[in-house]
Amino acid sequence: IMTGAPLPLGADTVVPIEVVDPPRFVGIGGGIHDAPTDAAVAFLAPTTPGTFVRDAGADLAVGDTILDAGTRLGPAQLGALAAAGITTVAVRPRVRVLIISTGHELRAPGEHLDSGQIHDANTSALSAALIECGAHVAAAYTPDDAMAVRDAIDTHPEVDLVVTTGGVSAGAFEVVREALEPAGVRFGHVAMQPGGPQGLGTARLDGAGREVPVVAFPGNPVSALLSFEMFLRPVLRAAAGLPPHRRAARAVLAHDLTSPEHKHQVRRGTLRADGTVEVSPPGSHLLRDYARATVLVHVPIGVSALPAGAEVEIWRIDE
């Protein structure tokens, strides 16, 4: 018999072709499927009943669960379903996210910059972060105009979540706050640096009675990306069936550092070959340092300074 074929009636063991004499299928092949009635082979060692026999139901018996609810479907999982003859299963759809970057000064990467203008980094960074979490992403730019923010949301009725950057703090043109606070989104500060000003809530939009969850991050690139890392990434990854948390460890500081005592400071750092961690400056605009970092370094509330050699919690971001 060929590999995987059912045993003939009365047989209870299989001897591999490689150990019989002659080591070939006698009288079949080349279009001939039925062996001569007098075909015979010999083998030199005894065999035990059940050898090289796979019992029906050994992989999956009647009534067995193939996959638990919440399992992420990858190659092996889809193969197991197909092997059981299953063609459809109920799945959780990927979350659809709209990113809105706000600011008159923003220009798309590659566009010419006039005085006072900058390239938008947040859309690229957050899009990549969201895609890593299994999301479908749409993006919009808006000037410092509250109606433009509302219009951007209105033109994307299909999204499940809106993520904004900028316009959430105490400036004269906090357009996200102006647009969405009356709609039910709450704004305030958390005791974290960078990433203090935040917004969160369900926006209840006029007209169609639409409700959409909103997460509003600060506009500085490091603040926005760290806010995503701390608050939104675990939620989205858990919903997508992915491990929600970064791998945490302890490491020793390579040098002294200071931190605002009443804030949880999240610094970017690099693990050295000797196992110590070199910590980058805390500025929320230092995106290049973030791009070169291998870890996030956590300095808890209540700590204003740490000496070289002190142990800190780190999250690996290079895995």
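L73, L78, I86, V89 and V91 make up a nonpolar surface patch with about 400 Å² of accessible area together. Patches join residues with over 30% relative accessible area and no salt bridge, like charges within 9 Å and nonpolar side chains (Val, Leu, Ile, Met, Phe, Trp, Tyr) within 5 Å. Accessible areas come from the Shrake-Rupley method with a 1.4 Å probe, and for residues only the protein chains shown count as cover.

The model is predicted: local features need pLDDT of at least 70, side-chain atom pairs count only at pLDDT 80 or more, and totals for chains, interfaces and linings use all residues. Residues are numbered from 1 along each chain as its sequence is written, and side-chain values use heavy atoms, with hydrogens and water left out.

- L78 sits in helix α1, residues 75-83; helices (H or I, at least four residues) and strands (E, at least two) are DSSP runs numbered from the N terminus.
- L78 counts as partly exposed because its relative accessibility is 46%, where buried means under 20% relative accessible area, exposed over 50%, and partly exposed in between (1.4 Å probe, protein chains only).

**Domains and their interface**

- The domain assignment gives domain 1 (1-57), domain 2 (96-108 + 118-240) and domain 3 (248-316); such bounds come from an automatic or database domain assignment.
- The centres of domain 2 and domain 3, taken over C-alpha atoms, are separated by 27 Å.
- In domain 2, 13 residues are in contact with 18 residues of domain 3, contact meaning heavy atoms within 4.5 Å.
- The size of an interface is often given as the accessible area lost when the parts come together.
- Between domain 2 and domain 3 about 1300 Å² is buried, 69% of it on carbon and sulfur atoms; buried area is the accessible area (1.4 Å probe) that two parts lose on being put together, summed over both.
- The count of salt bridges between domain 2 and domain 3 is 0.

**Surroundings of L126**

- L126 belongs to helix α2, residues 122-132, and counts as buried because its relative accessibility is 1%.
- Apart from neighbours within four places in sequence, L126 is in contact with I99, V163, T165, A224, L225 and F228.

**Salt bridges**

- Side chains of opposite charge can pair when their charged atoms come close.
- A salt bridge here is a side-chain nitrogen of Lys or Arg within 4 Å of a carboxyl oxygen of Asp or Glu, and the count by this rule is 8.
- One of the pairs is E229 with R246, whose closest N and O atoms are 2.6 Å apart.
- E229 lies in helix α5 (residues 221-239) and R246 in the loop between α5 and β12 (248-253), so this pair ties together parts that are 17 residues apart in sequence.
- E229 is buried at a relative accessible area of 6%, and R246 is buried at 18%.
- E319 pairs with R247, and their closest N and O atoms are 2.5 Å apart.
- E319 lies in the segment after β18 (311-316) and R247 in the loop between α5 and β12, so the pair ties together parts that are 72 residues apart in sequence.
- E319 counts as exposed at 58% relative accessibility, whereas R247 counts as partly exposed at 44%.
- R316 forms a salt bridge with D318, the closest N and O atoms lying 2.8 Å apart.
- R316 counts as buried at 19% relative accessibility, while D318 is partly exposed with a relative accessible area of 40%.

**Backbone geometry**

- Most residues other than glycine have a negative phi, and most peptide bonds are trans.
- The D21 to P22 peptide bond is cis, with omega near 0 degrees, and P22 is in the loop between β1 (20-21) and β2 (42-43).
- The Q193 to P194 peptide bond is also cis, with omega near -10 degrees; P194 is in the loop between β9 (192-193) and β10 (197-204).
- F52 is not a glycine, yet has a positive phi of about 60 degrees.
- F52 is placed in the loop between β2 and α1 and counts as exposed at 62% relative accessibility.

**G31 and E319**

- G31 lies in the loop between β1 and β2 and counts as exposed, with 62% relative accessibility.
- G31 and E319 are 288 residues apart in sequence, and their C-alpha atoms are 53 Å apart in space.
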